[in-house]
Amino acid sequence: ANPMVPSAALVASVKAATHDVYDTAEIQRQDAAHYMHPFTDHKALGERGVRVMVRGDGIYLWDSEGNKILDGMSGLWCVNVGYGRTSISDAVYRQMQTLSFYNSFFNTTNVPATRLAALLVEISPPQFNHVFFTGSGSEANDTNLRMVRRYWDLKGFPNRHTIISRYNAYHGSTVAGAALGGMAGMHEQGGMIPGIEHIGQPNYLENGSGMSADEFGIVAAGWLETKILEVGADKVAAFIGEPVQGAGGVIIPPATYWPEIERICDKYDVLLIADEVICGFGRLGTWFGSELMQIKPDLITFAKGVTSGYVPLGGVLVGDRVADVLIEEGGDFNHGFTYSGHPVACAAALENIRILIDERLVQQVAQDTGPYLKEKFEALMDHPLVGYADTCGFVAGLNLVRKKAEAVHDCEFFEPDHGVGMLCRGYMFANGIIMRAVGDRMIIAPPLVMTRAQIDEMIFKIRYCLEATLIDLQ
Ligand code: PLP
């Protein structure tokens with residue numbers, strides 16, 4: 001390839017793309033040849049080619065072949081206010097025309113970044129008065145790692161550098177994000193660094209046999225205390241966890257879990273980080289999941305729902321305990337990204353949050369559509385394939401099982417390599433609904449704008465695809 005002279009065919013196809021004319025086969029060919037996708041086995045994809053998404057409106061997507069798809073996953077857990085919001089694109093357009101970029105280094109700011117910081121403080125729990133912006137959730141967790149270590153250095157405890165996380169957690173794909181996360185497949189591929197430890201996750205279905213959910217919550221939180229004592233309390237900087245684990249399979253902890261985690265953190269003076277990249281901005285029917293779990297974290301990671309994914313933005317809400325030390329005693333914090341506080345991203349976030357407030361979407365999930373989704377989704381347990389189903393706000397998951405039982409722990413599961421979850425996901429995809437499979441747990445995180453009628457439509461499609469999966473297995 002000669003970069004000075006692109007081929008006439010390529011120039012023509014770029015021009016066509018900018019004019020919303022798509023030749024699916026051509027895009028698929030270029031894609032297979034040149035685009036290395038995240039978390040994708042390209043060889044396994046083979047001849048099938050990728051699906052090309054071209055348009056979104058509300059809770060629906062359209063692909064390049066004209067298929068309408070109900071997006072049960074809000075893109076990647078992020079499109080909280082739904083697709084096609086012209087007030088966000090207008091805000092972005094205006095900001096780009098006024099000031100497309102300026103950084104926040106060297107004693108400068110821009111209006112949307114500062115306004116957004118003030119607004120986030122207003123909607124977050126009272127211990128938060130400061131915000132650090134990043135471009136993504138992964139960068140925000142890298143920021144957390146550096147911030148908590150800096151905090152303990154400044155406090156005179158330079159040995160307090162270990163961060164405890166959980167197996168199967170997802171905290172991003174940068175090196176610190178992957179290491180903080182608990183995905184073995186990521187650790188094996190250059191994604192582990194020293195000073196990070198993991199404990200078991202509060203997965204009642206997998207680990208809670210013989211106990212009530214509340215008893216199990218206390219037991220699972222106790223693993224943190226065991227780990228702190230093993231590492232040495234004087235070496236532990238922080239514990240990090242998602243209020244409800246998302247990518248790990250929508251693992252909804254028992255009500256007793258988080259308060260007990262917080263009690264243990266307090267007992268050993270360990271900082272508490274809530275990774276709210278998924279749970280923030282109304283996903284659980286509260287602005288932040290920590291509020292639902294009744295805990296007061298020292299740091300909150302956010303991204304995704306802050307802009308509903310319209311443009312990339314992430315960050316850390318920095319609680320007073322950490323902010324006071326960093327600001328009063330820290331001098332320069334030698335950390336930041338070109339796009340920290342990007343004016344266009346912050347303008348999108350301001351408009352996105354205005355929508356969440358004006359349309360009362362958080363309250364709607366708490367009081368109306370969330371409880372409705374719970375009723376309808378958990379009723380799927382009457383299907384012969386569904387052994388267990390649970391919801392929390394607008395996240396939900398169900399477990400496909402070989403044989404159901406009265407007590408969830410007595411269900412007979414499929415062998416992991418049977419691929420039943422992927423089979424079911426295939427039926428969903430082919431029938432115009434996006435649902436994700438984590439092993440044999442099928443999960444959703446729909447846009448918060450989803451109405452009761454649309455919940456009915458989604459449940460109808462899910463039932464249809466469960467039935468198709470069942471027939472396929474017979
Ligand atoms: N933390 C959690 C809980 C996430 O779910 C994700 C992404 O899915 C991240 C961090 C990483 O965010 P990003 O992909 O924006 O880097």
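**Notebook: a walk through a predicted chain**

I started with burial: buried residues make up 46% of the 474 residues in the protein chain. For my own reference, a residue is buried if 20 or more other C-beta atoms lie within 10 Å of its own, exposed if 12 or fewer, and partly exposed in between, with C-beta atoms placed from the backbone. I have to remember that this is a predicted model, where local features need pLDDT of at least 70, side-chain atom pairs count only at pLDDT 80 or more, and totals for chains, interfaces and linings use all residues. Residues are numbered from 1 along each chain as its sequence is written.

**Overall shape**

I looked up the size next. Along the principal axes, the C-alpha atoms of the protein chain fill a box of roughly 65 × 60 × 45 Å. The radius of gyration of the protein chain is 23 Å, which agrees with the value near 23 Å for a compact globule of 474 residues. That radius is taken over C-alpha atoms, and the globule rule is 2.2 Å times the number of residues to the power 0.38.

How many helices and strands are there in the protein chain? I found 19 helices and 15 strands. Both are DSSP runs numbered from the N terminus: helices are H or I with at least four residues, strands are E with at least two.

I also checked contacts, meaning two residues whose C-beta atoms, placed from the backbone, lie within 7 Å. Among contacts in the protein chain with a separation of 6 or more, 71% are between residues 24 or more positions apart.

**Around the ligand**

I counted 15 residues surrounding the ligand, and the closest are Ser136, Gly137, Ser138, Gly172 and Val277. Being near here means that the C-beta atom, placed from the backbone, lies within 6 Å of the molecule or strand in question. Helix H7 (residues 137–154) supplies the largest share of this shell, 3 residues. By type, I noted 5 nonpolar, 8 polar and 2 charged residues in the shell. In that scheme Ala, Val, Leu, Ile, Met, Phe, Trp, Tyr, Cys and Pro count as nonpolar, Asp, Glu, Lys and Arg as charged, and the others, Gly among them, as polar.

Why is strand E5 (residues 162–166) largely enclosed by the rest of the structure? Because 5 of its 5 residues are buried. I checked both faces of E5: Thr162, Ile164 and Arg166 are buried on one side, and Ile163 and Ser165 on the other.

Then I looked at pairing, which needs at least two DSSP bridges between two strands. Strands of a sheet pair through backbone hydrogen bonds, either parallel or antiparallel. E5 pairs in the parallel sense with strand E7 (residues 236–241) over 3 bridges, and Ile164 has Phe239 in E7 as its bridge partner. E5 also runs parallel to strand E6 (residues 196–199), joined by 4 bridges, where Arg166 is partnered with Ile199.

Strand E10 (residues 314–319) is largely enclosed too, since 6 of its 6 residues are buried. From E10, Gly314, Val316 and Val318 point one way, while Gly315, Leu317 and Gly319 point the other way. E10 is antiparallel to strand E4 (residues 128–134), with 6 bridges, and Phe128 stands opposite Gly319. Strand E9 (residues 299–302) pairs with E10 in the antiparallel sense over 4 bridges, with Phe302 opposite Gly315.

**The open sheet**

I traced an open sheet of 4 strands in the order E1-E2-E3-E13, with mixed pairing. Its edge strands are E1 (53–57) and E13 (433–434), each pairing on one side only. Strand E3 (residues 68–71) runs parallel to E13, with 2 bridges, and Asp71 stands opposite Ile434 in E13.

**Core**

A nonpolar core is a set of buried Ala, Val, Leu, Ile, Met, Phe, Trp, Tyr and Cys residues joined through C-beta atoms within 7 Å. The largest one here has 121 residues, and Ala238 and Phe239 have the most contacts inside it. Helix H15 (residues 343–358) gives the most to this core, with 9 residues. Leaving aside neighbours within four places in sequence, Ala238 is in contact with Val148, Ile163, Val270, Leu271, Leu272 and Ile273.

**Two loop residues**

Is Gln189 buried or exposed? Gln189 counts as exposed, because it has 10 C-beta neighbours inside 10 Å. I found Gln189 in the loop between helix H9 (184–187) and E6.

Asn431 sits in the loop between helix H18 (420–430) and E13. With 15 other C-beta atoms within 10 Å, Asn431 is partly exposed.
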